[in-house]
Amino acid sequence: MTIAPRNDADDAQPAILEVRYKPRTQLIKLLLILLIPALVAFAVLKSDMSQVDAATWRFLGVIIVLTLVWAVVQGQRVRDRTPQVVIGPDGVMARHWNAGIVPWENIAFIAHSKTVRRGIIQQLARSRRGPYIQFKFRQPPPFVADAPFPISLVQRIRASFEVQEPAILEHGLDTSVEAMLVSIQDHLDVWKAQHPELLEAAEA
């Protein structure tokens with residue numbers, strides 16, 4: 001977690017909150033991912049390899065390759081100190097939304113997971129490990145790619161699902177949901193005081 005220094009010219013403006021990956025949690029995930037190909041290899045070595053047909057070998061090979069690719073991506077997260085969430089005077093940025101900064105006037109609803117009641121269909125469609133912050137946008141924010149094609153295509157597909165039920169999960173991050181909510185409330189209080197016309201237009 002990083003709190004950017006305040007601007008001395010405006011003491012009333014809350015500090016910008018930058019939330020990053022928690023290295024220890026990401027490292028544990030990496031070790032668990034690497035355990036998958038290790039278990040597959042162990043099972044193969046313990047079996048009678050002469051009885052394994054070519055199709056099975058190809059299937060096991062695909063599993064190992066995909067798992068190693070997953071491990072490479074996860075390994076990058078261990079060392080990644082790029083802000084994953086930024087809460088500031090203009091709104092909220094969550095990297096997995098691929099929407100840039102979502103302005104405060106486009107956010108209609110913010111709540112702690114403890115107060116959110118999700119329908120059965122929503123729970124079946126996407127399980128979430130709490131705690132998390134649930135958002136609701138007035139309008140779907142435009143997609144903002146931060147990687148070249150074809151990775152940007154994957155980001156677009158993921159983002160289309162994320163903005164349907166946008167949330168920020170605490171798991172894997174270095175800042176608690178409670179601390180993020182405090183920052184959100186502080187920035188919202190200042191924004192409402194400074195931009196009453198935008199608030200009225202958003203609520204109209």
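**An open sheet and a nonpolar surface patch**

Three strands form an open sheet in the order β6-β7-β8, with antiparallel pairing. Strands here are DSSP runs (E, at least two residues), and helices are runs of H or I with at least four, numbered from the N terminus. Pairing requires at least two DSSP bridges between two strands. β6 (107-112) and β8 (167-169) are the edge strands; each has a single partner strand, so one side of each lacks a neighbour in the sheet. Neighbouring strands are turned by 15 degrees against each other on average, direction ignored. β6 runs antiparallel to β7 (residues 132-137), and five bridges join them. Within this pair, I107 stands opposite F137 of β7.

The model is predicted: local features need pLDDT of at least 70, side-chain atom pairs count only at pLDDT 80 or more, and totals for chains, interfaces and linings use all residues. Residues are numbered from 1 along each chain as its sequence is written, and side-chain values use heavy atoms, without hydrogens and water.

The protein chain contains six helices and eight strands. Their pattern along the sequence is β-β-α-α-β-β-β-β-α-β-α-β-α-α. Of the 204 residues, 34% are buried (under 20% relative accessible area; exposed, over 50%; partly exposed, in between; 1.4 Å probe, protein chains only). Among contacts (heavy atoms within 4.5 Å) with a separation of 6 or more, 71% link residues 24 or more positions apart.

Helix α1 (residues 23-46) supplies three residues, the largest share, of the nonpolar patch. L68 lies in helix α2 (residues 54-79). L68 counts as partly exposed because its relative accessibility is 41%.

Note on methods
Axes are lines fitted to C-alpha atoms, for helices over the stretch in contact, and angles run from 0 to 180 degrees between N-to-C directions.
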